[in-house]
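Q: I'm new to this one and would like to go through it slowly. Could you start with a term I'll need, and then move on to the structure itself?

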Amino acid sequence: MGGTDTAHFVFGILGDATGLLLFLAPLITFKRIVMNKSTEQFSGIPYVMTLLNCLLSAWYGLPFISPNNMLVSTINGTGAAIEAIYVLIFVIYAPKKEKGKILGLLTFVLSVFAAVALISMLVLQSKNNKKIFCGFAAAIFSIIMYGSPLSIMLVKRVVPNFRSVDSFDSCNLYNIVTLRRTVIKSKSVEYMPFFLSLFVFLCGTSWFIFGLLGKDPFVAVPNGFGSGLGAIQLILYAIYRDNKGEAKKLGPDESLEKGLAKPDTQQQPAARPDEEKQSNTQLSVNGHV
């Protein structure tokens, strides 16, 4: 095994390891859902869309579609199983209206994956054509997953008295840009889980280099987006790290989203100074990897 092949394998293992941590990050969120027997104001959409991304990427990495990408299939196959469990839990505890929405989206996701798989197996004969078709499908949905948070910046939501990052998880990429916007507006990293940003960066960078070494643009390009997004998070952390705990007070339209929570119009009682101080100390402890 040459030096390039060894490096290719090593970065694939690093990508698998950091990817697994990111897929497991929502465990605290779903533990809360199961304990409360309610999805509360959480959204299940990111988990369904991540399931599609994992299915397409796992299919693309199979040997009869693209060579030397089994590590891509390994982590994305594992991720698909984990995301399927998250979606199942969400459907069990979601209210009727939300349950119907998620089941409809899940049907769409499975239909897209089935169409890609069937076309690649029954219609396309050339192995190169199969790789290009499945690679484009996987890359497009990966970029959509990384780019979709930009739409959040055009939407104003209100979450009264947000004091915890318990609901943040790396698979919910919608939250990442919302978090970045909040850090910039408040000039504080009080609400930014450092390890979330770090592992988004490490995972994206590992797979970006893996794709470069394997000369595979369908792996390198979308993960380059993820690496860049994680790098921006870390840069913001470095800029505002000294302001932790000294956040500028945000207006009601600038409140941080909580797991893509829907607006809660019920007025919350103001927290006493001692309670607010205690909740502040729990932020970094409760943040996800």
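A: A disulfide is a pair of cysteine sulfur atoms within 2.5 Å. Please keep in mind that what you see here is a predicted model.

Q: OK, so how many disulfides does the structure hold?
A: The count is 0 disulfides.

Q: And C134 and C203, are they buried or exposed?
A: C134 is buried, because its relative accessibility is 2% and buried means under 20%. C203, at 10% relative accessibility, counts as buried by that cut-off too.

Q: Switching topic, which residues have the most contacts inside the largest nonpolar core?
A: Those are L52 and W207, in a core that has 48 residues. The elements that contribute two or more residues to this core include α1 (3-24), α3 (45-60), α5 (96-123) and α9 (194-213).

Q: What is L52 in contact with, leaving aside its neighbours within four places in sequence?
A: With those neighbours set aside, L52 is in contact with V109, V112, F113 and F141.

Q: Where does UniProt place the feature "transmembrane region"?
A: The UniProt record, an unreviewed entry, gives that feature at several spans, among them residues 6-30 and 219-240. In the model, residues 6-30 are 92% helix, with end C-alpha atoms 38 Å apart, while residues 219-240 are 100% helix, with end C-alpha atoms 32 Å apart.

Q: Last one: what about phi at K37 and K215?
A: K37, in the loop between α2 and α3, has a positive phi of about 55 degrees although it is not a glycine. K215, in the loop between α9 and α10, also has a positive phi, near 55 degrees. Most residues other than glycine have a negative phi.

Definitions and conventions
Residues are numbered from 1 along each chain as its sequence is written. This is a predicted model: local features need pLDDT of at least 70, side-chain atom pairs count only at pLDDT 80 or more; totals for chains, interfaces and linings use all residues. Side-chain values use heavy atoms; hydrogens and water are left out. Buried means under 20% relative accessible area, exposed over 50%, partly exposed in between (1.4 Å probe, protein chains only). A nonpolar core is a set of buried Ala, Val, Leu, Ile, Met, Phe, Trp, Tyr and Cys residues joined through side-chain atoms within 4.5 Å. Helices (H or I, at least four residues) and strands (E, at least two) are DSSP runs, numbered from the N terminus. Contact means heavy atoms within 4.5 Å. UniProt positions are given in the numbering used here, feature names are shortened, and annotations may be inferred rather than shown by experiment.
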